[in-house]
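Subject: Handover of a structure and its description

Dear colleague,

Please find below the structure that I am handing over to you. I would ask you to keep it open while you read the notes that come after it.

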Amino acid sequence: MAEEARLLLAAAAFALLAAAGSAIAQSPSPQAPSAPAPKPGAQAPKPSAQPPKKGPAWAELNAEQQQILAPLKNDWENIVPDRRRNWINLAKRYPKMKPEQQQRMQRRMQSWAQLTPEQRKQARENYRRLSKVPPEKRGDLKQQWSEYQALPPQERHNDAAKKKPAPAK
């Protein structure tokens, strides 16, 4: 399996996160455009007395939200405000989900919480790449991913080792 296909297959797994709450795999919000340069001789604007809003702190969430979002508790302060709002919106929809959807969401949230920031960044990038793949090809990728997942762990490990490029000399 080509490296790009493997990455897309991995993205397919994370794309499933989007089915339960697209907030998980969305890309970071774009940076606000910088303010235009002040005109020569003009006074610089006074800095704002208030720091930028970080979104609700963990303690500001209600008990139900804290219970639903518990896998994210340790990382909550590092989550950007837009993503915090997305997680809170997911927590609002959570009670309306079927029990199996809730369980799946909890498992995926726990898996997401265990990823390193670099792995999360890679997952988001893979998701973006997968979203650009035509729908008719996504089915093929899901089939390949299922076949890959069905392999014994040792065989998957061996396959991944074969795909790594040789170190540069």
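This is a predicted model: local features need pLDDT of at least 70, side-chain atom pairs count only at pLDDT 80 or more; totals for chains, interfaces and linings use all residues.

Residues are numbered from 1 along each chain as its sequence is written, and side-chain values use heavy atoms, with hydrogens and water left out.

Overall fold

The protein has seven helices and zero strands; here helices (H or I, at least four residues) and strands (E, at least two) are DSSP runs, numbered from the N terminus. Of its 169 residues, 28% count as buried. Buried means under 20% relative accessible area and exposed means over 50%, with partly exposed in between (1.4 Å probe, protein chains only).

Helix α3 has 13 residues and reaches 19 Å from its first C-alpha to its last, close to the 18 Å expected at 1.5 Å a residue. The expected span is 1.5 Å times one less than the number of residues in the helix. Buried in α3 are Arg83, Arg84, Trp87, Ile88, Leu90 and Ala91. These residues cover an arc of only 155 degrees around the axis, which puts them on the same side of α3; the arc is that of the directions from the helix axis to the C-beta atoms.

Helix α4, with 16 residues, reaches 23 Å between its first and last C-alpha, close to the expected 22 Å. Its buried residues are Gln102, Met105, Gln106, Arg108, Met109 and Trp112.

Helix α5 (residues 117–131) has 15 residues that should span 21 Å, and its end C-alpha atoms are 21 Å apart, which agrees. In α5, Arg120, Ala123, Arg124, Asn126 and Leu130 are buried. Seen down the axis, they fall within an arc of 160 degrees, so they line one face of α5. On the other side of α5, Pro117, Glu118 and Lys121 are exposed.

The nonpolar core

A nonpolar core is a set of buried Ala, Val, Leu, Ile, Met, Phe, Trp, Tyr and Cys residues joined through side-chain atoms within 4.5 Å. The largest one has 18 residues, and those with the most contacts inside it are Leu61, Leu69, Leu72, Trp76, Trp87, Met105 and Met109. Two or more residues of this core come from each of α3 (81–93) and α4 (99–114), and α3 gives the largest share, four residues.

A pocket

A pocket is an open set of points on a 1 Å grid over the protein atoms alone, where a 1.4 Å probe fits, with protein on both sides within 12 Å along at least five of seven lines; its lining residues have an atom within 4 Å of a point. Of the 12 residues that line the second largest pocket, the closest to its centre are Asp75, Asn78, Ile79, Arg120 and Arg124. Helix α5 gives the most to this lining, with three residues.

Two residues

Where is Tyr94 found? Tyr94 is in the loop between α3 and α4, and is buried, with a relative accessible area of 13%. Tyr94 and Met105 are 11 residues apart in sequence and 8.6 Å apart in space, C-alpha to C-alpha.

Gln106 lies in helix α4 and is buried, with a relative accessible area of 16%.

With kind regards
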